[in-house]
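Open the model in your viewer and keep the sequence panel beside it.

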Amino acid sequence: MKSAQEARKVILSSVKTLPSEQVSLWEAHGRVLGEDIIAREDLPAFDNSSMDGFALHAADTVEATETKPALLHLAGEVAAGALSVRELSARTAVRIMTGAPIPPGADAVLELEAVKTQNGFVQIEMPVSVGRNIRRKGEELSAGTVVFRHGTYLRAAHLGVLATLGYEKVQVYRKPSVAFLTTGNELVDVGHPLEVGQIRNSNAYALWGLIREAGAEPVNLGTARDDERSLHDKLHAGLSYDVLVTSGGVSVGAYDLVMRVLERLGVQKQFWKVNIKPGMPLFFGLYRNQRERDVPVFGLPGNPVSTMVTFLQFVRPAIQTMQGRTDSEPIRLPARMMQDYVKKDGKRHFLRGILRNDNGSLTVQTTGTQSSAALSSMALANCLIVVPEQRTDIKAGEEVEVELL
Ligand code: AMP
Ligand code: MG
């Protein structure tokens, strides 16, 4: 049986980055950069004022005090978007707005609140230091510097910076299409009445959300019954996408037929079973499609928590690697466990936890029942508590490691 780490290594070494494409900045949100972004201009592009106030020569204010203020001629104003070409002559000031270009010759801006004006004069009651309230050309970024590396996940701030730098379009990696199939004779879709022994298909919805949250495009293949015919047709259809994910039918029950059908369709098994809890019967295989690409195929166990945990631990990193992401490792933090936890086996456990900041120290407790069927435990959690293979019982107060969800 593979360890979680070995399983991850096998998966990540067998998936490849998809090609990139050019999209408009609007469409780039939530995508991953496929190029390095270089500042083509200085940012800001010109010296400008960071405040509403008065642009002046600092030298004119050296001796200014409350009782002996410097009186400067008011010589007009510059608004944001205006051009200030006229050289500021000695002992004059101009009214300037936030973001407006600093007039040639001026070397400081005194904010409005600190200035009195009367009869065409401004009254300065203190020495103003050179550079005050001036945002210098190139102080944020100078032309030629690499701003973002390829592999960067583009959030709102990145879009803003790209717009600032004049990038109307950017190269991003293609979004993987991820087909998912739920399996089980007992499954009923939401909105249909339940008969005895039936349960609602929750995994279809959870998988749809997980795939989207991973930045990929979900394709619902529907639900297959636990017979080879039904599985065969739907799995066959699923192999034409970038990734195929199934839930259920990979353990050792009499109706666990998914692996057999996948292998019959030409999927090469890479491993079955990982030393983890929940999610032990995870299957991973590769299918060489017509375009000579290896489609990763994940057979996730059907218990809803197992499905989600194995997706997060194994499918998501694969999807992110296919999208060229270089910053996708989850944040791991040490926290103090607030309760005992009994662990007798040598598996890696993933508990659903609630992480809190307790007066500056991080504490974590489980969300209650840790049954792999209890999906509400996952909805309540804000982290997974990772208990490594070699660790046994945990006593309240001991340190554990958590992964933020
Ligand atoms: P399996 O992996 O097929 O043996 O399923 C394990 C458990 O998960 C069984 O109790 C199933 O009823 C349940 N299960 C399987 N698929 C789903 C699903 N799509 N939604 C909710 N529960 C499921
Ligand atoms: Mg089943």
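What follows is a walk through the nonpolar cores and then the cavities of a predicted model.

**Stop 1: the largest core.** Select V245, V274, F298, L300, F311 and F314. These residues have the most contacts inside the largest nonpolar core, which has 38 residues. Now colour the elements that each supply at least two residues of this core: α1 (4–14), β13 (177–183), α3 (203–213), β17 (243–247), β20 (283–288), β21 (294–300), α6 and β25 (383–387). Among these, α6 gives the most, with 10 residues.

**Stop 2: around V274.** Centre on V274 and show its surroundings. Leaving out residues up to four places away in sequence, V274 touches M1, K2, S3, A4, A7, M280, L282 and F314.

**Stop 3: the second core.** Select L181, L239, V250 and F283. They are included in a separate core of 20 residues.

**Stop 4: the cavities.** How many cavities of 30 Å³ or more does the structure hold? There are two. For the largest, select L18, Y241, D242, N289, R293, D294, V295 and M322, which line it. Its volume is about 40 Å³, and its lining divides into four nonpolar, one polar and three charged residues.

Next, select L312, Q313, R316, P330, L384, E403, L404 and L405, the lining of the second largest cavity.

Note on methods. Residues numbered from 1 in each chain as written. Chains lettered and ligands numbered in written order. Predicted model: local features only at pLDDT ≥ 70, side-chain atom pairs only at ≥ 80, totals over all residues. Heavy atoms only, no water. 1 Å grid on protein atoms, 1.4 Å probe; cavity = no way out; pocket = protein on both sides within 12 Å on 5 of 7 lines; lining within 4 Å. Points joined across faces, edges and corners; volume = space filled by probe spheres on them. Nonpolar A, V, L, I, M, F, W, Y, C, P; charged D, E, K, R; others polar. Core = buried A, V, L, I, M, F, W, Y, C linked by side-chain atoms within 4.5 Å. Buried < 20%, exposed > 50% of the residue type's maximum accessible area, 1.4 Å probe, protein only. Helix = DSSP H or I, 4+ residues; strand = E, 2+ residues; numbered from the N terminus. Contact = heavy atoms within 4.5 Å.
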